[in-house]
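Please read the following report beside the sequence and the structure.

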Amino acid sequence: LKKLLALVCCAALTCLAVTGCAGNQEKRTIRIGHNQSTNHPTHIALTAFQDYISGKLGDKYVVEVYPSELLGSQTDMVQLTQTGAIDFCVASNAILETFSKNYEIFNLPYLFASPEAYHHVMDDPEVTGPIYESTKKAGFTAVTWLDAGTRNFYTIDRPIESPADLRGLKIRVQQSPTNIEMMKMLGGSATPMGFGDVYTALQSGIIDGAENNEMALTDNGHGDVCKYYSYDMHQMVPDILIGNNAFMESLSDEDRAVFEEGFKLVNQVEREEWIKAVANAKDRAQNEQNVNFIYPDQKPFVEACLPLHDTVLKNNPTLQPIYDAIQMYNAEYPAETN
Ligand code: GCU
């Protein structure tokens with residue numbers, strides 16, 4: 001049904017693109033899709049972008065933001081962005097690796113020593129540039145990143161204290177070969193699926209758990225089913241705002257400059273909102289959903305999946321200089337020790 005809806009949406013959007021813009025004959029409608037709720041920092045940031053463009057270029061453009069997988073899963077939305085049926089979407093870095101192998105780098109477990117190192121890396125255009133531009137031939141380019149926190153395992157009824165506890169458990173992962181490999185190395189059984197299908201899969205027992213940031217517990221209701229959330233801190237996977245190349249190349253220099261400011265605003269607003277949203281999610285998960293937060297020794301998790309760094313670098317040596325630059329940030333912003 002979801003596929004059919006996405007198809008109908010896509011046909012309607014293509015139709016709108018051809019016939020002009022509904023009710024706004026002289027204005028260009030810009031469509032942005034994402035898979036989060038309207039409470040989520042991603043949506044708040046895109047709404048700020050919508051307001052910004054309306055304030056600066058409202059005579060020429062109308063921005064429409066489609067939340068909650070209304071336009072399909074992230075993979076569907078990336079495809080719509082590739083063809084220009086929509087102009088922008090937010091996709092997890094994880095699924096972008098199927099469009100360009102360069103994205104594998106930010107999917108590596110335990111890549112960043114600390115959130116500070118992660119933020120500095122993502123803010124450095126020399127590091128992100130070769131990755132953001134690597135999908136040019138595929139029809140889209142990344143324009144900014146959004147913080148999606150740290151990913152951790154959570155399960156219905158088995159607390160994860162060490163990788164051994166994952167054995168025999170079916171854990172949902174994102175549709176990314178690197179994530180599937182990581183899960184194998186940690187001993188669990190990787191079950192890839194789109195984000196929107198996870199709640200039902202947990203509720204019906206098709207999977208035993210998943211891995212994500214704290215917001216998935218509250219905003220997506222996973223904490224209603226999963227009562228153990230374990231801070232193994234295996235990944236910091238950014239979300240990426242991508243734009244259709246043909247649309248961006250069609251902008252005049254002046255308009256492009258306004259859009260660039262708008263992209264910066266998306267990043268800034270999302271990061272400010274993210275800090276508040278995660279604190280709030282943790283509080284609600286603990287006090288309203290009775291989720292138990294566990295703080296395991298991370299060392300055995302790190303040791304189990306660290307060899308993945310070498311495998312990825314061996315298969316794609318062009319990533320080595322980027323990896324080395326990340327290590328410099330890690331040295332500058334090491335993990336906090338208690
Ligand atoms: C996070 C992330 C999303 C992603 C989701 C997932 O919520 O922000 O971009 O789709 O995880 O696990 O699929």
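## Two loop residues with positive phi

Y110 is found in the loop between α4 and α5, where helices (H or I, at least four residues) and strands (E, at least two) are DSSP runs numbered from the N terminus. Although Y110 is not a glycine, its phi is positive, at about 50°. Y110 counts as buried because it has 20 C-beta neighbours inside 10 Å; a residue is called buried if 20 or more other C-beta atoms lie within 10 Å of its own, exposed if 12 or fewer, and partly exposed in between, with C-beta atoms placed from the backbone.

A second residue of this kind is E69, which is not a glycine either and has a positive phi near 60°. E69 has its place in the loop between β2 (61–66) and α3, and it is buried, with 21 other C-beta atoms within 10 Å.

## Basis of the model

This is a predicted model, in which local features need pLDDT of at least 70 and side-chain atom pairs count only at pLDDT 80 or more, whereas totals for chains, interfaces and linings use all residues. Residues are numbered from 1 along each chain as its sequence is written.

## The pairing of α2 and α11

Helix α2 (residues 41–57) packs against α11 at an angle of about 150°, with the two axes 8 Å apart; axes are lines fitted to C-alpha atoms, for helices over the stretch in contact, and angles run from 0 to 180 degrees between N-to-C directions. That angle makes α2 roughly antiparallel to α11, given that angles under 35 degrees count as roughly parallel, over 145 as roughly antiparallel, 65 to 115 as roughly perpendicular and the rest as oblique. The crossing in which α2 passes α11 is right-handed, a term used if the near helix is turned clockwise from the far one by less than a right angle, and left-handed if anticlockwise. Residues of α2 that meet α11 include P41, T42, I44, A45, A48 and L57, and among their counterparts in α11 are D255, V258, V269 and E273; two residues are in contact if their C-beta atoms, placed from the backbone, lie within 7 Å.

V269 lies in helix α11 and is buried, with 20 other C-beta atoms within 10 Å; not counting residues up to four places away in sequence, it touches I44, A45 and A48. From C-alpha to C-alpha, V269 and T42 are 8.7 Å apart in space, although 227 residues apart in sequence. E273, also found in helix α11, counts as buried with 20 C-beta neighbours inside 10 Å, and, leaving aside its neighbours within four places in sequence, E273 is in contact with P41, I44 and A45.

The domain assignment of the chain gives domain 1 (2–147 + 238–278) and domain 2 (151–236 + 287–332), with bounds that come from an automatic or database domain assignment. Taken over C-alpha atoms, the centres of domain 1 and domain 2 are separated by 24 Å. The contact takes 32 residues from domain 1 and 31 residues from domain 2. On the side of domain 1 that touches domain 2, α3 (74–83), α4 (93–96), α5, α6 (125–132) and α11 (253–287) each supply at least two residues, and α5 gives the most, with five residues.

The crossing of α5 and α14 is right-handed. In this pair, A117, H120 and V121 in α5 meet I326, Y329 and N330 in α14.

V121 belongs to the largest nonpolar core, which has 86 residues, and is listed with I32, C89, A91, L241 and I242 as having the most contacts inside it. This core draws at least three residues from each of domain 1 and domain 2; a nonpolar core is a set of buried Ala, Val, Leu, Ile, Met, Phe, Trp, Tyr and Cys residues joined through C-beta atoms within 7 Å. Not counting residues up to four places away in sequence, V121 touches F112, V127, I326 and Y329.
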